[in-house]
Amino acid sequence: MPVNILMPALSPTMEKGNLAKWLKKEGDTIKSGDIIAEIETDKATMEVEAVDEGILAKILVPDGTADVAVNEIIGVIAAEGEDVKAAAAPAKAEAPKAEAAPKAAAPAPAAEAPKASEAPKAAAAPTASTSGERPFASPLAKRLAKEAGLDLGKIQGSGPHGRIVEKDIEAAKAGGAAKATPSAAPAAAPKPAAAPLAAGMSDEAVKKLFAPDSYEEVPHDGMRKTIARRLLESKQTIPHFYLTIDCELDALLKLRAELNAAAPEKDGKPAYKLSVNDLVIKALALSLRAVPEANVSWTENTMLKHKHADVGVAVSIPGGLITPVIRDACHKTLSQISNEMKDLAARAKNRKLKPEEYQGGTTAVSNLGMFGVKDFAAIVNPPHATILAVGAGEQRAVVKGGQLAVATVMSVTLSTDHRAVDGALGAELMQAFKGYIEKPMAMLV
């Protein structure tokens with residue numbers, strides 16, 4: 001039976017992607033694990049591996065096609081011994097159905113019964129436990145199943161040709177709903193209607209305020225749309241709370257200069273070159289270790305207390321920004337953090353990060369000091385409960401021992417999700433951070 005190649009969901013939030021380039025052509029032999037195409041998401045350019053073997057019989061979505069919906073059929077593989085022309089023929093008829101695929105892949109409420117239109121597919125598809133073959137699942141479904149500790153061989157797929165999709169994993173996590181028949185599934189309890197959110201001005205209303213020839217329309221790309229949606233959701237659903245303190249930097253700048261001067265050479269270059277931001281990352285991670293009650297994520301039923309301080313760092317890239325994550329930063333040396341951050345930032349600008357390199361994290365740092373910004377407040381990036389906004393270090397007049405003096409001072413503002421980190425807890429975290437910044441030798445022991 002021919003196997004459809006579907007547009008993969010390369011991240012939990014991905015709805016569409018651009019098919020940048022096919023790395024195989026029609027007639028090529030495909031082996032499991034082969035890189036067959038490059039997909040551009042809203043965050044990165046990623047390689048797609050084949051999960052089936054055979055001959056690439058038909059390419060339905062050509063190079064450079066934008067806004068291809070997740071689960072849309074992009075090509076067809078003919079199985080070994082199958083007639084390639086015959087395998088390619090049905091694909092032309094199936095392709096128009098692809099517009100409905102994203103809806104089938106969307107997670108359904110746990111208590112909701114499978115839709116009748118999907119039931120024949122689910123019943124006809126054998127699972128791995130009955131056929132002896134490996135599970136046929138989307139990359140996203142495989143990852144979600146692994147994270148949840150689920151056996152794909154015991155899950156019935158409801159996607160095309162019995163493919164296990166995200167909805168099936170969510171149903172299985174909820175208690176086996178993926179295997180339930182429409183008659184056995186309990187009726188979904190009605191949910192109270194959420195209060196409507198305020199709507200902004202329509203496109204036409206905005207345009208009417210300006211002369212027709214006074215502006216140029218630049219369409220939003222996928223990244224800008226995603227950033228806009230997530231920031232709007234954050235400000236509308238998270239009660240933000242802000243705390244600002246000033247930190248003296250003179251001791252930190254002196255230590256940084258000494259450490260950089262002592263860096264050994266590798267291939268004629270210093271093995272590392274620390275930035276102020278590298279020390280800020282380390283200080284924030286150590287502060288979360290010292291105040292573990294602030295290293296949390298809010299959910300409606302529980303508080304997730306994280307065992308590691310994974311610090312995301314906002315990086316500006318063309319068209320928006322991305323937040324690569326330094327994992328377990330409190331246990332890494334400053335040189336490790338510095339070199340890892342340089343590598344992540346460089347690949348971020350080329351959109352070459354993997355989803356696991358920019359998803360998750362337990363907090364974040366946004367530093368605009370290099371642009372001369374004195375202070376600002378950042379927007380919490382869920383599931384984080386905190387984000388630290390870092391301003392520029394500048395010489396200011398300070399009072400020490402009753403005497404006027406000059407010190408290099410940096411203002412930092414902590415934005416918190418007040419449901420998870422309230423004022424007193426946030427203040428405790430900031431005091432710990434200030435201590436590490438003003439007495440930086442503590443970061444080396």
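Hi everyone, let's start in the middle of the protein. The largest nonpolar core has 88 residues, and the ones that touch the most other members are Ile74, Ile169, Val280, Leu388, Val412, Phe433 and Ile437. Helix α10 gives this core its largest share, 8 residues. There is also another core lying apart from that one, with 7 residues, including Ala364, Phe376, Val380 and Ile387.

Do keep in mind that this is a predicted model. The average pLDDT is 83, and 83% of the residues score at least 70. Where pLDDT is low, the predicted coordinates should not be read in detail.

Back to the core, then. What does Ile437 touch, leaving aside its neighbours within four places in sequence? Its contacts are Cys247, Glu248, Leu249, Leu252, Leu279, Val280, Ala283 and Met410.

Leu252 takes us to helix α9, where Leu252, Leu255 and Leu259 are buried. Looking down the helix axis, the buried residues of α9 sit within an arc of 65°, so they line one face. On the other side of α9, Lys254 and Ala261 are exposed.

And what covers those buried residues of α9? The cover includes α10 (276-290), α11 (334-349) and α13 (423-438).

One last check on geometry, for those of you who like numbers. Helix α9 runs over residues 250-261, 12 residues in total, and spans 17 Å from its first C-alpha to its last, close to the 16 Å expected at 1.5 Å a residue.

Technical notes. Residues are numbered from 1 along each chain as its sequence is written. This is a predicted model: local features need pLDDT of at least 70, side-chain atom pairs count only at pLDDT 80 or more; totals for chains, interfaces and linings use all residues. Side-chain values use heavy atoms; hydrogens and water are left out. pLDDT is the predictor's confidence in each residue, from 0 to 100. Helices (H or I, at least four residues) and strands (E, at least two) are DSSP runs, numbered from the N terminus. The expected span of a helix is 1.5 Å times one less than its number of residues. Buried means under 20% relative accessible area, exposed over 50%, partly exposed in between (1.4 Å probe, protein chains only). The arc is that of the directions from the helix axis to the C-beta atoms. Contact means heavy atoms within 4.5 Å. A nonpolar core is a set of buried Ala, Val, Leu, Ile, Met, Phe, Trp, Tyr and Cys residues joined through side-chain atoms within 4.5 Å.
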